[in-house]
Amino acid sequence: MLGRVNHVAIAVPDLAAATAAYRDTLGATVSAPQALPEHGVTVVFVELPNTKIELLQPLGTESPIAAFLDKNPSGGMHHICYEVGDILAARDQLTQRGARVLGSGEPKIGAHGKPVLFLHPKDFFGTLIELEQV
Ligand code: CO
């Protein structure tokens, strides 16, 4: 079912500081910040040879990462995104196998314009999993 790792998302309290750390300390290629109000985040993409890292900072009052940062004030790994070929088939297989899909269970259009779903972190060892159809 799982394909490549599409990205790893890291929630950060200070996007400018996190971007500088990846760019200047780690020597990575980073994008300009992009506000995604429909997702409640501002994101910077860190481009790596085999995948990307997304640095996420809350945007607006309803940000889905605000509670995470309340519990992890210095930031932390928020989710890992795996690619799947058919997101509805993946969802149906996963729910048959006892995994819980967050929200309505219907895919939403994610930050990359492709359908995504999230799986309950308690079913996967404390890690929030995003599935993205590619
Ligand atoms: Co993501």
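Predicted model: local features only at pLDDT ≥ 70, side-chain atom pairs only at ≥ 80, totals over all residues.
**Surface.** Then I looked at burial: 40% of the 134 residues count as buried.

**Charges.** I counted 10 positive and 14 negative side chains in the protein chain. The centres of these two sets are 5 Å apart.

**Fold.** Next I went through the secondary structure and found 3 helices and 9 strands. Read from the N terminus, their order is β-α-β-β-β-β-α-β-α-β-β-β. I checked the overall dimensions too: the radius of gyration is 15 Å, close to the 14 Å from the globule rule for 134 residues, so the chain is as compact as a globular protein of that length. Along the principal axes, the C-alpha atoms fill a box of roughly 45 × 30 × 25 Å.

**Contacts.** I also looked at how far along the sequence the contacts reach. Taking those between residues at least 6 apart, 53% join residues at least 24 apart.

**Metal site.** Which residues coordinate the cobalt ion? I found H7 and H79, each through NE2, and E130 through OE, at 2.0 to 2.1 Å. Along the chain, these donors have the spacing H-x71-H-x50-E. The pair H7 and E130 links distant parts of the chain, 123 residues apart: H7 sits in strand β1 (residues 5-11), while E130 belongs to strand β9 (residues 128-133).

Methods: Residues numbered from 1 in each chain as written. Heavy atoms only, no water. Donors = N, O, S within 2.8 Å, 3.2 Å for Na, K, Ca; no water. Helix = DSSP H or I, 4+ residues; strand = E, 2+ residues; numbered from the N terminus. Rg over C-alpha atoms; globule rule 2.2 N^0.38 Å. Buried < 20%, exposed > 50% of the residue type's maximum accessible area, 1.4 Å probe, protein only. Contact = heavy atoms within 4.5 Å. Lys, Arg positive; Asp, Glu negative; His and termini not counted. Charge placed at Lys NZ, Arg CZ, Asp CG, Glu CD.
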